[in-house]
Amino acid sequence: MSSPIHEPSLTCGATIVQDVPRRRSALRVNLTIALFVWAMWLLFGGRLAIHHLFADWKVALTMVFGSMVGGGTSEGGGAIAFPIFTKLLHIGPYDARNFSLAIQSVGMGSASLSILYLRIPIERRVLIYAGFPGVLGVIFGAYLVAPFVPPVIVRTSFTLLVSSLGVALLLVNREKTVSRNACMPIFGPREKSILIVAGFVGGVVSALVGTGENSVIFMVMVLLFRINEKIVTPTTVILMTMVTIPGFLLHVFALRDFTPAVLGYWLAAVPVVAVGAPLGALICSHMKRPAIVLLLLCLIALEFLSTLLLVPMSRHVLWASLSTLAVCGSIDWVMSRATRYRPESVRPAVLTHETKA
């Protein structure tokens with residue numbers, strides 16, 4: 001069972017709200033957001049939007065689950081869309097990436113509005129120090145990284161990303177009883193630099209596969225800074241929104257590689273994610289941490305196995321991917337062993353005590 005999060009001291013600087021919004025109020029807010037998105041969808045899409053909703057029903061069905069995962073966990077909706085698009089629907093990885101950026105702009109944007117309005121606890125300083133470098137990273141990656149990466153590397157890069165997240169989750173949950181900070185326990189030049197670098201790297205990864213900013217920051221916040229996942233998850237949802245909207249606009253107006261096919265997929269998925277993402281954020285805010293972790297681990301295991309079985313790759317690419325995963329896993333292990341930010345090492349510390357169910 002988890003105990004309530006204590007009110008932070010003034011040195012902590014995070015925004016923690018004690019009262020939990022009533023379910024009826026949350027549903028009303030989410031419905032209002034969905035109705036607004038639907039109105040804009042019909043206004044700008046018209047008959048074309050309705051046509052693609054039925055013609056591309058497989059995309060819409062995919063995003064029913066993808067939007068809920070994206071709105072309520074540390075994986076973006078692209079974490080569901082990208083593998084299904086590239087492995088089952090046989091859509092090119094670049095189109096899948098552009099779709100992921102486009103649809104997360106709507107889905108995670110809706111979830112972010114819900115999180116902010118309902119005052120779900122977040123770490124606001126992370127949004128500043130990781131969010132703006134993330135925007136620079138997605139621009140840098142779109143121009144100087146993604147054009148030179150072969151499609152098979154793009155596919156395996158996504159698998160490496162989510163597998164690294166799986167390693168992080170296993171490291172975090174290897175103990176039955178854990179103590180977590182309710183916010184950044186120390187916030188000096190070193191911590192700011194770490195967030196800036198991690199945010200930039202996450203932006204580059206997002207430019208490559210359409211998601212990643214949220215996963216990279218999740219690993220840093222949870223493994224290194226020892227912040228409670230219930231606070232980290234909504235923080236990373238907002239952070240991913242900050243990165244995906246500029247990335248989406250970049251591909252539409254600057255790079256001009258947002259193809260008519262991707263536009264059709266996007267129109268089919270918009271009305272679905274407008275409901276699914278805020279609903280996912282609401283549901284996961286009431287779920288226990290072990291249940292969320294188990295869900296993520298199952299999704300990550302499925303992604304890893306499907307890549308091995310369905311994605312053709314040379315022996316050199318396979319070994320390079322496994323080596324990269326080993327390096328990422330080692331970094332995760334080093335962060336998990338760091339003692340500087342452990343609650344018992346920091347005074348005053350703002351703690352949450354949780355025991356796995």
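Biologist: How many nonpolar, polar and charged residues are in the lining of the largest cavity?

Modeller: Start with the general idea. Rolling a probe the size of a water molecule over the atoms shows where empty space is left. Now this case, which is a predicted model. The lining of the largest cavity has 7 nonpolar residues, 4 polar ones and no charged ones. The volume of this cavity is about 100 Å³.

Biologist: Which residues line the largest cavity?

Modeller: Among them are Thr156, Thr159 and Leu160. Phe304, Thr307 and Leu308 also line the cavity. So do Met313, Leu318, Ser321, Leu322 and Leu325.

Biologist: Which helices each supply at least two residues of that lining?

Modeller: They are H6, helix H11 (289–310) and H12. H12 gives the largest share, with 4 residues.

Biologist: How many cavities of 30 Å³ or more does a search of the whole structure find?

Modeller: The search finds 3.

Biologist: Pockets next. What volume does the second largest pocket have?

Modeller: A pocket is open, whereas the probe cannot get out of a cavity. Here, the second largest pocket has a volume of about 530 Å³. It is lined by 20 residues, and the closest to its centre are Val201, Val205, Val216, Met219 and Cys328.

Biologist: Which elements give two or more residues to the lining of this second largest pocket?

Modeller: Four helices do: H6 (151–172), H7 (189–209), H8 (213–224) and H12 (315–337). The largest share, 7 residues, comes from H7. By class, the lining of the second largest pocket has 16 nonpolar, 3 polar and 1 charged residues.

Biologist: At what angle do H7 and H8 pack?

Modeller: Look at the directions of the two axes, each taken from N to C. For H7 and H8 the angle is about 150 degrees, and the axes lie 7 Å apart. Angles over 145 degrees count as roughly antiparallel, so H7 is roughly antiparallel to H8.

Biologist: Which residues of H7 and H8 meet?

Modeller: From H7 come Ile194, Leu195, Ala198, Gly199, Gly202, Gly203 and Ser206. From H8 come Glu213, Val216, Ile217, Val220 and Leu224. This contact has 7 nonpolar, 4 polar and 1 charged residues.

Biologist: Now the whole chain. How many helices and strands are there?

Modeller: The chain has 12 helices and 2 strands. Along the sequence, the pattern is α-α-α-α-α-α-β-α-α-α-α-α-α-β.

Biologist: What percentage of the residues is buried?

Modeller: Of the 357 residues in the chain, 56% are buried. For contacts, look at separation in sequence. Among those between residues at least 6 apart, 84% join residues at least 24 apart.

Key
Residues are numbered from 1 along each chain as its sequence is written. This is a predicted model: local features need pLDDT of at least 70, side-chain atom pairs count only at pLDDT 80 or more; totals for chains, interfaces and linings use all residues. Side-chain values use heavy atoms; hydrogens and water are left out. On a 1 Å grid over the protein atoms alone, a cavity is a set of points where a 1.4 Å probe fits but cannot get out, and a pocket is an open set with protein on both sides within 12 Å along at least five of seven lines; lining residues have an atom within 4 Å of a point. Grid points are joined across faces, edges and corners, and a volume is the space filled by probe spheres set on the points. Ala, Val, Leu, Ile, Met, Phe, Trp, Tyr, Cys and Pro count as nonpolar, Asp, Glu, Lys and Arg as charged, and the others, Gly among them, as polar. Axes are lines fitted to C-alpha atoms, for helices over the stretch in contact, and angles run from 0 to 180 degrees between N-to-C directions. Angles under 35 degrees count as roughly parallel, over 145 as roughly antiparallel, 65 to 115 as roughly perpendicular and the rest as oblique. Contact means heavy atoms within 4.5 Å. Buried means under 20% relative accessible area, exposed over 50%, partly exposed in between (1.4 Å probe, protein chains only).
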